[in-house]
Amino acid sequence: MLEGEEIRVRGLVQGVGFRPAVWHLARECGLVGEVWNDAEGVLIRAWGEAEQLSRFVQRLEAEAPPLSHIEKIERARITGPAPTRQFSIVASQQGEILTGVVPDAATCPACLTEVLDRHDRRFRYPFTNCTHCGPRLSIIRAIPYDRRNTSMSPFRQCQRCQAEYDNPADRRFHAQPNACADCGPRVWLEDSQGKMLDTGERADAITQAIELINQGAILAIKGIGGVHLACDAGNPQTVARLRQTKRRYHKAFALMARDLAMAERYARIDPEEATLLQSTAAPILVLDARGCEALAPEVAPNQTTLGIMLPYTPLHHLIMQGLDRPMVLTSGNRSDEPQCITNEEARNSLAGIADYWLLHDRDIVNRLDDSVVRLVDGRARMLRRARGYAPAPIQLPPGFEQTPPILAFGGELKNTFCLVRDGKAILSQHMGDLEYPTTHRDYRHNQALYQQLYDHQPEILVVDRHPDYLSTQWGREQAQQRRLPLQEVQHHHAHITACMAEYGLPLGCDPVLGIALDGLGFGEDGAIWGGEFLKVEYPQYEKLAGFLPVAMIGGAKAMYEPWRNTYAHLVAAQGWERVVGDYPELELTHYLDSKPIGNLNTMLERGLNCPLASSAGRLFDAVAAALGVCRDLASHEGQAAIELESITDSDELARGKCYGFTREAHADGLVLSWQPLWFGVLDDLNAGVAASVISARFHQGLSTAVSAVALDLCAEHQLKTVVLSGGVFQNRLLLTLISERLRAAGLRVLSPSQLPANDGGISYGQAVVAAARHLLV
């Protein structure tokens, strides 16, 4: 007699060709039964011999589709007669939503082959996809992931597409975005007046778009998760014009290369980086510039790296086939606004920037920026988590299995939010900076969408302690409206716990030393933190040490005018009169003396808009400005630090010479002071030492200071693990130097990899802290 089993498969198993894979394997193993999607994942009812059932489950785990991720397989015996029909796929069923949404995936090799094959019916069709690639999160409105719940619902499949869709043996079986030129979305080209261009009989819209890019035009191109602005990366005049009209004056533009060979003409790429570029996520990868062939200098001003990605949709592939060098592909928006996703929005918002618009009629439901990754200290480091990665679920560490539904609201900059339930976290895609109203509206919209997609009804809300963060204010408002408990989590505590959870440290683990270096975070004492050493457990922490707080003259102005930080640090380290007396002919002295020194001193003496901050980010700003790097104005966060890293002399760095520091015992812990560092910087400037050499000595000095204090604190408090997090640790030199020193001393060193070290990861940390507090009550 045949045995029957109900086999529940949980994880990312919808929209990835999982049911056809089950169908194939079940038939090959001689089973009868059925499989369907429901809100919890995939459910299989199968009958066969015991050995056949076991072999089926083993093969299912080993031969799962490439985009799927099995989290758990549950097996239960069932009674009753076996069906007489062959194994079949049945319609989706609904229920409580527990399954995941799959990230969008880059075009697979099979689909690309069809697109480039002039004998294939999908030749040059820019929306070609299958169960192994194409849009997912960007088009979904609800779960289950069926065509009716996506933006493909208006496009009724033609007879041939429907036959593929209905055939379990076809790789397009139940590929929800399946379409062809006869029945699917279409692409067209229009000018600045909204007039559709006549491409003639011998060309199409894509061919004409290629010609326009080669002629120096700027195009708005609607992609998979938003609209991009594109132009020839080798055309200096066009790239400079794009910078001015987009108002993105300094931040590097991303590039798209046709293939790995083209990318290698402009950047050094090692095997691991090549794998990342060609992965299904297809992120922007930050690479060392090669310098063999020149691009427009305005692509990445004052930097030695390039952000490069490869085509990830058929549309991109077709465009790049006609270009001999990379194109700039930057978000379709004015600086700091969210990326456009609708045709009308693109026409209105990008008027005066784009010359032409390459648009299509498939709606983008969920906005998705391109993800950004960099290989640092032997690991891929997420700088921005969005397309290709979000919203893949993150398994919480052991001990968090009974976590109640929690919604964490994240920070102010580089915002994400996080949903947690039953030991699993869903981190949203990168939202952006909430200080911009359009971004904040997008943030609220996406929160509501995610809660609907995942049927998530939070029982606990979590916010940052900073009372002025818009995310915090929104969380408090939601807590009042929903009558839900609200928890506050300190900014740097969240940075550290996010990394702890990423590496699977279990609930109740031994404390770690958390070193949080970033721009700004609201401290327990009401001061601004940004250079802290914390003894951290999931539910709580203790501050052990920190950088000496220095005034931010003008408050938020100090974030955008780095020279203010230089002056404040010099006053704190030596006093301005001594600087003038000891270094009267120094260019820096003359520069700062041209500022309203009297007003600045009055502000400092009276504490007028001069909040104290132990910020490592502001220390980087101060040193950079002292060297003449990004001195007057920083147009984006981290600009001074990025440019300072870029100019660093690698030979000098290898010599290990560094500036000093002092440490002082205060009532609230150890304090690191930078007075010796500033003496060293000024002496070297006075001696005519190159800025690149001074930058190397600064990086070595800072890493030496942080490592020395960390080693002392670990010895004193018997800590064996150090966690490095915060946006400053996106500096490759600093992260590598400190990690190597601590590992050499026998410590375990953890730093974010799958999640950003910047504020894009703190919502996950907030959720983990709230969960721990609840579970350990």
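This is a predicted model: local features need pLDDT of at least 70, side-chain atom pairs count only at pLDDT 80 or more; totals for chains, interfaces and linings use all residues.
Biologist: What is the volume of the second largest pocket?
Modeller: Its lining is made of 28 residues, and Pro103, Gly388, Tyr389, Ala392 and Gln754 lie nearest the centre. By class, 16 of the lining residues are nonpolar, eight are polar and four are charged. The volume of this pocket is about 680 Å³.

Biologist: Let's follow E16 into its sheet. Which strands stand at the edges there?
Modeller: The sheet is open and has six strands, in the order E16-E19-E18-E17-E20-E21, with mixed pairing. A strand at the edge has a single partner strand, so one side of it is left without a neighbour in the sheet. Here the edge strands are E16 (394-395) and E21 (486-489).

Biologist: Which helix packs on this sheet?
Modeller: The helix touches strand E20 (460-464) and E21. Its direction makes about 155 degrees with that of E20. It covers residues 470-482 and is named H12.

Biologist: In E19, what is the bridge partner of arginine 421?
Modeller: Strand E18 (residues 418-421) and strand E19 (residues 424-427) run antiparallel, joined by four bridges. Within E19, the partner of arginine 421 is lysine 424.

Biologist: What is the relative accessible area of aspartate 422?
Modeller: Aspartate 422 sits in the loop between E18 and E19. Its phi is positive, about 50 degrees, although it is not a glycine. The residue counts as partly exposed, with a relative accessible area of 48%.

Biologist: And arginine 483, is it buried or exposed?
Modeller: This arginine is found in the loop between H12 and E21. Exposed means over 50% relative accessible area. Arginine 483 has 79%, so the word for it is exposed.

Biologist: Now for the sheet that holds E4. Which strands stand at its edges?
Modeller: This open sheet has five strands in the order E4-E1-E3-E2-E5, and its pairing is mixed. Each edge strand has a single partner, so one side of it has no neighbour in the sheet. The two are E4 and strand E5 (88-89).

Biologist: In E3, which residue is the bridge partner of glutamate 5?
Modeller: Strand E1 (residues 3-12) runs antiparallel to strand E3 (residues 41-48), and seven bridges join them. In E3, the partner of glutamate 5 is alanine 46.

Biologist: What angle does helix H2 make with E4?
Modeller: Helix H2 (residues 50-62) packs on this sheet, touching E1, E3 and E4. Between its direction and that of E4 the angle is about 165 degrees.

Biologist: One last stop: which residues of helix H20 are buried?
Modeller: H20 runs over residues 639-647. Its buried residues are covered by elements that include strand E14 (372-376), helix H19 (616-626), helix H23 (691-717) and helix H24 (732-744). The buried residues are Gln639, Ala640, Glu643, Leu644, Glu645 and Ser646.

How values were computed
Residues are numbered from 1 along each chain as its sequence is written. Side-chain values use heavy atoms; hydrogens and water are left out. Two strands pair if DSSP finds at least two bridges between them. Contact means heavy atoms within 4.5 Å. Axes are lines fitted to C-alpha atoms, for helices over the stretch in contact, and angles run from 0 to 180 degrees between N-to-C directions. On a 1 Å grid over the protein atoms alone, a cavity is a set of points where a 1.4 Å probe fits but cannot get out, and a pocket is an open set with protein on both sides within 12 Å along at least five of seven lines; lining residues have an atom within 4 Å of a point. Grid points are joined across faces, edges and corners, and a volume is the space filled by probe spheres set on the points. Ala, Val, Leu, Ile, Met, Phe, Trp, Tyr, Cys and Pro count as nonpolar, Asp, Glu, Lys and Arg as charged, and the others, Gly among them, as polar. Buried means under 20% relative accessible area, exposed over 50%, partly exposed in between (1.4 Å probe, protein chains only).
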